[in-house]
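Please read the numbered points beside the structure.

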Amino acid sequence: MCDVADDITSADYYFDSYSHFGIHEEMLKDVVRTKSYRDVIYKNKFLIKDKIVLDVGAGTGILSLFCAKAGAAHVYAVECSQMADTAKEIVKSNGFSDVITVLKGKIEEIELPVPKVDVIISEWMGYFLLYENMLDTVLYARNKWLVDGGIVLPDKASLYLTAIEDAHYKQDKVEFWNDVYGFDMSCIKRRAITEPLVDTVDGNQIVTDSKLLKTMDISKMASGDASFTAPFKLVAKRNDYIHALVAYFDVSFTMCHKMMGFSTGPKSRATHWKQTVLYLEDVLTVCEGETISGSMTIAPNKKNPRDVDIKLCYSLNGQHCKISRTQLYKMR
């Protein structure tokens with residue numbers, strides 16, 4: 001059952017949150033996201049025309065509508081939240097009821113009226129790319145229904161890391177707990193620093209180069225590949241302080257006439273994903289050319305696989321700062 005009861009569990013909350021219009025409004029108004037998908041579909045109709053398409057996590061059905069307009073033979077739009085009922089209305093209002101079938105349910109539990117599909121399209125990316133763990137659902141659908149030689153849109157996603165100076169915000173959000181109206185609440189500070197912050201980073205705050213942590217090939221990867229440890233080396237571009245590391249991702253549609261995609265990086269046009277900021281316990285003092293090296297381990301949380309556990313190991317052996325530390329974070 002996907003209907004949300006009054007006394008929903010935390011596991012159900014994920015689907016319930018997508019029953020509210022606000023979250024869909026935010027995603028649709030994210031023009032980088034929505035126009036990128038639209039342009040991929042409309043400018044590469046050969047990928048869609050006369051094909052059977054599966055839209056995983058269809059929401060309002062916007063991607064299904066794009067596909068229908070591009071000449072898809074049929075689109076199966078699967079949505080687990082209450083928004084599925086609204087998507088049916090939207091499809092009908094736009095005259096596509098004969099092309100788009102909205103199915104309400106979890107991908108893992110529904111049955112499609114066809115044995116195979118030619119194309120799987122989904123906007124599955126969460127904050128920090130992997131938060132909410134919808135990628136597993138896309139991979140499940142791929143393994144079960146995608147025809148041999150079929151395509152997944154998008155088919156590549158890459159996670160990057162950089163470092164920033166962020167004294168003002170760290171002071172406001174983290175150091176604040178040291179003295180709250182004269183009382184020591186620093187025990188909260190220790191917890192606060194373990195929760196990555198989703199926010200927009202100013203490109204001028206970036207102190208180092210960016211490094212690729214991982215590229216995922218959604219058309220070939222296995223489910224377990226979303227858990228990984230990746231080494232990194234960040235080289236300082238100027239003398240400055242570093243208060244946090246910042247993660248962002250790029251998404252690519254490599255099957256197009258010419259490769260298309262978008263970036264959620266701090267130097268690109270803002271998206272609703274923003275960037276993910278991981279504050280460091282220490283303030284690092286770096287000189288131009290010095291290197292912060294380390295590794296990042298990413299895995300779904302064992303109790304709630306929609307949460308992400310992050311282990312960050314980093315070291316700096318610089319002129320003004322020598323440090324080696326491990327920090328644990330949890331996105332929830």
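1. The lining of the largest cavity comprises seven nonpolar, one polar and one charged residues. In this classification Ala, Val, Leu, Ile, Met, Phe, Trp, Tyr, Cys and Pro are nonpolar, Asp, Glu, Lys and Arg are charged, and the others, Gly among them, are polar. The lining residues are Leu 130, Asn 133, Ala 226, Ile 298, Ala 299, Pro 300, Pro 305, Asp 307 and Val 308.

2. The model is predicted: local features need pLDDT of at least 70, side-chain atom pairs count only at pLDDT 80 or more, and totals for chains, interfaces and linings use all residues. Residues are numbered from 1 along each chain as its sequence is written, and side-chain values use heavy atoms, with hydrogens and water left out.

3. One cavity of 30 Å³ or more is present, and the volume of the largest cavity is about 50 Å³. A cavity is a set of points, on a 1 Å grid over the protein atoms alone, where a 1.4 Å probe fits but cannot get out; lining residues have an atom within 4 Å of a point. Grid points are joined across faces, edges and corners, and the volume is the space filled by probe spheres set on the points. Strand E13 (residues 291-300) gives the most to this lining, with three residues; strands are DSSP runs of at least two residues, helices (H or I) of at least four, numbered from the N terminus.

4. The whole structure contains seven aromatic pairs. Rings of Phe, Tyr and Trp (its six-membered ring) pair if their centres lie within 6.5 Å; planes under 30 degrees apart are stacked, over 60 edge-to-face, and the rest tilted. One of the pairs, Phe 176 with Trp 177, is edge-to-face, at 4.9 Å centre to centre and 70 degrees between the planes. Phe 176 is partly exposed because its relative accessibility is 39%, and Trp 177 is likewise partly exposed, at 21%. Buried means under 20% relative accessible area, exposed over 50%, and partly exposed in between (1.4 Å probe, protein chains only).

5. Phe 249 and Trp 273 have ring centres 5.4 Å apart and planes at 75 degrees, so this pair is edge-to-face. The pair links distant parts of the chain, 24 residues apart: Phe 249 lies in strand E10 (residues 240-253), Trp 273 in the loop between strand E11 (260-263) and strand E12 (275-286). Phe 249 is buried at 2% relative accessibility, and Trp 273 is buried at 2%. Ring pairs link Phe 249, Phe 262 and Trp 273 into a cluster.

How values were computed
1 Å grid on protein atoms, 1.4 Å probe; cavity = no way out; pocket = protein on both sides within 12 Å on 5 of 7 lines; lining within 4 Å.
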